[in-house]
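Here are my notes on this one, written as numbered points. Keep the 3D view open while you read, and look up each element as it comes along.

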Amino acid sequence: MSFADHSIADLGRLLRRRALSATELTRWTLEQAEATNGTLHAFISLLPERAMAEAAAADRAFASGIDLGPMQGIPYAAKDLFDAKGVATTCQSKFGLEAVADADAGVIERLTTGGAVLIGKTSTFEYALYGPDPDLAFPLARNPWNLEHYTGGSSSGSAVAIAAGLVRMGLGTDTGGSIRTPSSWCGTVGLKPTFGRVTRRGCFPLSASLDHCGPLARSVSDAAIALQVLAGHDAGDPDCHDGPVPNYLEGLERSVAGTRVGIAVPLLETASAETLAAVERTADLLRSEGAEVFEVATPDLLSFGSVVRALLIIEGYHVHEQRMRDRIEDFGPLSARRLALAPAYSAPDYLAALKARRLLAEAVSGVLRTCDVILCATTPGSAPALTQEATPFDPATPSMTNPQNVMGNPAISVPVGLDSSGLPLAVQLVGRLFDEATLLQVAHAVERLTGWQQIELPNVQRQPGQGVPA
Amino acid sequence: MKEPVAPSPDFEADFDALMRRAGLEIKPEWRARMLVEYAQLRMNVAVLHDIANRCPATLNLHQPITSGRIET
């Protein structure tokens, strides 16, 4: 047993009764991250000075009886798209090496206020664009379940750090599936909240209309705790929602009896036999708890994928246009050649994409008037081998995670078991706008019913740590 | 599923004109793959216009995607 085998809630209890100190926990986390990074490349940079100072501050607050919330004293990692004061936000790019942040990103600020401990910045795809691209300034993160298979991206390093048992929570961004895809392939929980639920201030943009920030976590309850701290209005992000934040923890254990779950058959078009079986098994388990499960009809994957491709490329090119003209050779080839296609879109194409987006989102809202959550898959199958070329925009293989960025609804990837080759399989749940509470409740039931938490993480030579409480 | 359009001389000329107009210098080794992805992009664009043209009414495209939708 290691420290990371305890949930965030358990660690919080141990910290509060002083059976464990934040300093001890942080030191162990840094040591494990250092020891495994040569193999896994989860981290672009570790921040031992900042982490130990934040841990000491959390311990002082505990000693004074000050409770800053459920993340106090808990180590976490942040995708290297988020600014951390005094550290370069590299975005896994040669350009980013010079970009030292003068303030923390909004999400890091919220976690710091809540007493959490930032231990390092994690690997991504270049500017969260496309990958894996081996020709970058930093090495590719590797999947702890099998080093020769994709991690998925672009929040790769955060997923890897959790799957390797180094941290319980990592921050990610999701423009077309970048929280949920690596979560699916690395066996972590990945939550893309509703568009606007979590601030994007201080996060390097990819596509302003599609970008979301959220947590990857070891368990659904860890993700719920993280969202509780991350959610809320921020005047520094014009798209951030100014509304109440519910308590995500109080209903988590509630039964799903009577909950209406719609299986989105059109969104399963590209699922493998093993993934389809995992979705069907999940549906059966939810039925066994009293949920009402039935099929629903949504628009197809290609429609959603066509919208994401247009908005992501056009808006992404807008961010990088000058760099593309002046220093295209300093981009990785995957990013460069895909961004370079942006000029192929016309203004009427962009408006058609916006119109199609609204129509597709309205269609999903119609479906969500008949059910409480939608059940589908996160990825067609488990993590592919690194030898397979990724073709994210091939119309023959549209993404299963793009639809939720188009509609802006909250979505969560939940691991449900291992496939025949021993790699994680996941399902995806989609909730109503700003109803993460119901989404997390159903996800928690799926996690419990499938027994995912009883499956051991891959062995990456973590050390147990002295005096780990049982 | 239709296959991407096979590159024709006109198709390649269109592509070259776009890159020239955008002021982008494309490495020769990227070109073949980019032409395939350009063909796929044109299919995606056709999908977008097909969906958009099915809607007879004017839509408010300025509101955030989370606004104005009823789910309960």
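1. In E6(A), Gly214(A) is the bridge partner of Gly172(A). The two strands involved are E4(A) and strand E6 (residues 212-217) of chain A; they run antiparallel and are joined by 6 bridges. Helices (H or I, at least four residues) and strands (E, at least two) are DSSP runs, numbered from the N terminus. Two strands pair if DSSP finds at least two bridges between them.

2. A word on what you're looking at. This is a predicted model, where local features need pLDDT of at least 70 and side-chain atom pairs count only at pLDDT 80 or more, while totals for chains, interfaces and linings use all residues. Residues are numbered from 1 along each chain as its sequence is written, and chains are lettered from A and ligands numbered from 1 in the order in which they are written. Chain B has a mean pLDDT (the predictor's confidence in each residue, from 0 to 100) of 89, with 90% of its residues at 70 or more. For the complex, the predictor gives an ipTM of 0.93 and a pTM of 0.96.

3. Back to E4(A). Is this strand enclosed or open? Strand E4 (residues 169-174) of chain A has 6 of its 6 residues buried, so it is largely enclosed by the rest of the structure. Buried means that 20 or more other C-beta atoms lie within 10 Å of the residue's own; 12 or fewer makes it exposed, in between is partly exposed, and C-beta atoms are placed from the backbone. In a regular strand the side chains alternate between the two faces of the sheet. Here, Met169(A), Leu171(A) and Thr173(A) point one way from E4(A), while Gly170(A), Gly172(A) and Asp174(A) point the other way.

4. E4(A) has another partner too: 2 bridges join it to E2(A), and this pair runs parallel. Look for Ala77(A), which stands opposite Gly170(A) in E4(A).

5. Now zoom out. These strands sit in an open sheet of 11 strands with mixed pairing, in the order E1-E3-E2-E4-E6-E5-E10-E11-E9-E7-E8 (chain A). Which strands are at the edges? They are strand E1 (43-46) and strand E8 (292-296) of chain A, each of which pairs on one side only. On average, neighbouring strands are turned by 30° against each other, direction ignored. At one end, strand E7 (residues 260-264) of chain A runs parallel to E8(A), with 5 bridges between them, and Ala264(A) stands opposite Val296(A).

6. Helices pack on this sheet. Helix H2 (residues 22-40) of chain A touches E1, strand E2 (75-79) and strand E3 (117-122) of chain A, and its direction makes about 15° with that of E3(A). Helix H8 (residues 273-288) of chain A lies across E7, E8, strand E9 (373-377), strand E10 (411-418) and strand E11 (424-431) of chain A, at about 55° to E11(A). Such angles run from 0 to 180 degrees between N-to-C directions, with axes fitted to C-alpha atoms, for helices over the stretch in contact.

7. Next, the place where the chains meet. 42 residues of chain A are in contact (C-beta atoms, placed from the backbone, within 7 Å) with 34 residues of chain B. On chain A's side, helix H9 (301-327), helix H10 (333-339) and helix H11 (347-368) each supply at least two residues. H11(A) gives the most, with 14 residues.

8. From chain B, check helix H2 (residues 31-53). Its 23 residues should span 33 Å at 1.5 Å a residue, and its end C-alpha atoms are 32 Å apart, which agrees. The expected span is 1.5 Å times one less than the number of residues. The buried residues of H2(B), including Met34(B), Tyr38(B) and Leu48(B), pack against H9, H10 and H11 of chain A together with helix H1 (9-22) of chain B.

9. The peptide bond from Gly131(A) to Pro132(A) is cis, with omega near 0°, and so is the one from Gly153(A) to Ser154(A), with omega near 10°. Cys91(A) has a positive phi of about 55° although it is not a glycine; this residue lies in the loop between E2 and helix H4 (106-113) of chain A.

Definitions and conventions:
Two residues are in contact if their C-beta atoms, placed from the backbone, lie within 7 Å.
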